[in-house]
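Please open the model in your viewer and keep the selection tool at hand. The tour moves from one selection to the next and says what is to be found at each stop.

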Amino acid sequence: MSESVVIRPLEKPLRGSIRVPGDKSISHRAVLLSAMAEGTSQIRGVLDSDDVRSSIRVVQQLGAQVNLQIMPDGSLEGAITGWGAKGPSQPDGPLDCGNSGTTARLLMGILAPWGIEAELTGDESLARRPMQRVMTPLSRMGARFSPQDAQTLPITERGTGRLDPITYESPVASAQLKTAVLLAGLSADGETRVIEPAPSRNHTELMLPAFGAETTAATRVASVKGPVTLRATDVVVPGDPSSAAFLLCAAALCPGSAIQVEGVSLNPARIGFLRTLEHMGVNASRRSDGAKGKELSGILSVEYCDRLHGCEVPAEKIATVIDEVPILALVAAHAKGVTVFRGADELRVKETDRAAAVIEGLALMGIDAWMDGSDLFIEGDPMFSTSAGLRFDAKGDHRLAMTWAVAGLCGANPIEIQGFDAVSVSYPGFLDDIRMLAR
């Protein structure tokens, strides 16, 4: 049985400074690229969560030596010795990716150049998520998948030592798809390019040069030149802006609040939620304090806003807020007017159908929300308040669990959340950090 918790309204505003756990996307890549590299990489600030541990487990099955310790701040730090030029070992069983779509999709690209056969599996939620979008370009490069018509896990992949470089026009803006193709392209003889309809997260392009790979990255085009064997390096992971978003949105909704999150990634592809809050009237700001490799990091700040208003997020910007749409939808529920998220189809293929789940959850609170084609609409009501006895279902989705928790924390009555333990996927200490800011 999944955990059910009761969330009670905050008795004090959120005040002060805090650090959030390491960025999940960057943590995955630090683990996976270190496992691919020749030599021993030192990595710090890695997120200790269920999803990242899925990546750690699979690279160990494939022959990487992982020696990471839990630090006093809850992060993982230590060494990973990769398989380098000899390649990964034949695994002795299925590679269980848990709930992590990043692990599964990036792993397909990592395995593509090697003559081993591996079955990729995952939990019930991951087994519903689309994989064909990654299999298609990798098959063009020479990898083989079975069943050939498979759309979801489990999938068996057999790599090849003769991958062809490709130029692939992706039908979706997806950092996971892009990264899978680029990682496979490291072993192809020539340039591999991915062209996207809109920019997606560029963490892979920023990290690969530190491991010795030549990359280029334009607004919608990324490429690598192979063949190249990655070399071990040191990686420091900044704080996760997606995790920070839940604290910052809570501050925007809770009267008297003013907080800042330190040491967080300021990657422009990751802080679209902050720009959206600004467009809704929130006093929000960012300030750089340096860089972790090529990843800018700094401080994000938000103050309570008593005059929220609706706004429109255009389709070309939706990739920069896609993981934060649930919590932004909750903020929009408190705003005057209608908020629109254009081109939000990708919400339907996350850990659950987030579009349907957001509409269902907001309806419990008396807020009208609907999909019209690819667009998500929320009709806000600045006077609404959570009523007593509300019970939300997180549907196994960490982002939904935290969204409904913020609804309870910033509401008028306690609410219950079924499946709140899903927060362990990305932010196990979420409620502890909220309590610290509300002391």
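Is Arg399 buried or exposed? With a relative accessible area of 3%, Arg399 is buried, a word that here stands for under 20% relative accessible area, with exposed meaning over 50% and partly exposed the range in between, for a 1.4 Å probe and protein chains only. The model is a predicted one, in which local features need pLDDT of at least 70 and side-chain atom pairs count only at pLDDT 80 or more, while totals for chains, interfaces and linings use all residues. Residues are numbered from 1 along each chain as its sequence is written, and side-chain values use heavy atoms, with hydrogens and water left out.

**Stop one: the annotated positions**

Select Lys24, Gly101, Arg129, Gln176, Arg354 and Arg399, which UniProt lists in an unreviewed entry under "binding site". From this set, Lys24, Gly101, Arg129, Gln176, Arg354 and Arg399 belong to the lining of the largest pocket. UniProt positions follow the numbering used here, feature names are shortened, and annotations may be inferred rather than shown by experiment. A pocket is an open set of points on a 1 Å grid over the protein atoms alone, where a 1.4 Å probe fits and protein lies on both sides within 12 Å along at least five of seven lines, and lining residues have an atom within 4 Å of a point.

**Stop two: Arg399 and Arg354**

Arg399 lies in helix α11 (residues 398–409), and Arg354 in helix α10 (residues 354–364); helices are DSSP runs of H or I with at least four residues, strands are runs of E with at least two, and both are numbered from the N terminus. Leaving out residues up to four places away in sequence, Arg399 touches, among others, Lys24, Asp323 and Arg354, where contact means heavy atoms within 4.5 Å. Arg354 is buried at 0% relative accessibility, and its side chain is joined to that of Glu351 by a polar contact of 2.8 Å. Such a contact is a pair of N or O atoms within 3.5 Å; within protein, one must be able to donate a hydrogen and the other to accept it, and residues adjacent in sequence count only if both atoms are side-chain atoms.

**Stop three: Lys350 and Arg129**

Beyond its neighbours within four places in sequence, Lys350 is in contact with Arg129, Ile322 and Asp323, and its side chain makes a polar contact of 3.3 Å with the side chain of Asp323. Arg129 sits in the loop between β7 (117–121) and α4 (132–141) and counts as buried at 5% relative accessibility.

Now select strand β13 (residues 221–226), which runs antiparallel to β11 (residues 190–195) and is joined to β11 by six bridges; two strands pair if DSSP finds at least two bridges between them. Gly190 has Gly226 as its bridge partner in β13. Three bridges join β13 to the antiparallel strand β12 (residues 215–217), and a hairpin of three residues links β12 to β13.
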